[in-house]
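Please keep the sequence and the model open while reading this note. The points below are meant to be checked one at a time.

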Amino acid sequence: MVLMTHRFSAAFLILSGLACSTAAHAQLSQVHAVYLLPMGGGLDQYLATRLVEMHLFQVVTDPKRADAVFVDRIGEGLEDKLAELYPEEKKLDKEAEKEKEKEKDKKDEWLGSEGSIRVGSTNLQRGKGTIFLIDRRNHTVIWSLYSPGKSGTSTDVNRNAESIAKKLAIAVKGTEKP
């Protein structure tokens, strides 16, 4: 019985991972133009070069023309920057937030004050080597990779950008239909 439950759990985890992976790939296939926020060591400059060389995405200098944004950190600072770059979308977010607040009030009303669960907030900072591709419309992570450079030399940063672009190319090709 325990073995059967274990096999079921393993199969469920594999299928869940595939479903999440498929959803991420579907989002990735919709990205055509990207904007790069400044990254540590000038990685954004090298990565932009590699993305253009490999014809992965169109790199744009106007964030409003981008489908997604490359960043090397997530958290409150990123949310503030995205609100600055896309103020029209912040207005839509505020409307969605009001709806969420109404739903929360209904839930709190049902649970009562003692049944509420308080969740602390965290502010994720630079991960030193983690790259994220963020959907600019819904602020979800479409793709990410941990790829720390060995040093801050231009040769190493360029090599790291090339490695990132190659791994991204594999993910992008996985989204293309044969």
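How many nonpolar, polar and charged residues are in the lining of the largest pocket? The answer is in point 2, after a word on the model.

1. Basis. The model is predicted, so local features need pLDDT of at least 70 and side-chain atom pairs count only at pLDDT 80 or more, while totals for chains, interfaces and linings use all residues. Residues are numbered from 1 along each chain as its sequence is written, and side-chain values use heavy atoms, without hydrogens and water.

2. Pocket lining. By class, the lining of the largest pocket has 4 nonpolar, 9 polar and 4 charged residues. Here Ala, Val, Leu, Ile, Met, Phe, Trp, Tyr, Cys and Pro count as nonpolar, Asp, Glu, Lys and Arg as charged, and the others, Gly among them, as polar. A pocket is an open set of points on a 1 Å grid over the protein atoms alone, where a 1.4 Å probe fits, with protein on both sides within 12 Å along at least five of seven lines; lining residues have an atom within 4 Å of a point.

3. Pocket position. The volume of the largest pocket is about 320 Å³, counted as the space filled by probe spheres set on the points. Of its 17 lining residues, Gly40, Gly41, Lys128, Gly129 and Gly149 lie nearest the centre. Strand E4 (130–135) and helix H5 (154–173) are the elements that give two or more residues to this lining; H5 gives the most, with 3 residues. Helices (H or I, at least four residues) and strands (E, at least two) are DSSP runs, numbered from the N terminus.

4. Sheet. An open sheet of 5 strands has the order E2-E1-E3-E4-E5, with mixed pairing. E2 (58–59) and E5 (141–146) stand at the edges with a single partner strand each, so one side of each has no neighbour in the sheet. Two strands pair if DSSP finds at least two bridges between them. E1 (residues 33–36) and E2 run parallel and are joined by 2 bridges; Ala33 has Gln58 in E2 as its bridge partner.

5. Helix H3. Leu78, Leu82 and Leu85 of H3 (residues 76–85) are buried, that is, under 20% relative accessible area with a 1.4 Å probe and protein chains only, whereas exposed means over 50%. Seen down the axis, the buried residues of H3 fall within an arc of 60 degrees, so they line one face of the helix. The arc is taken from the directions from the helix axis to the C-beta atoms. Asp80 and Glu84 are exposed on the face turned away from the buried side of H3.
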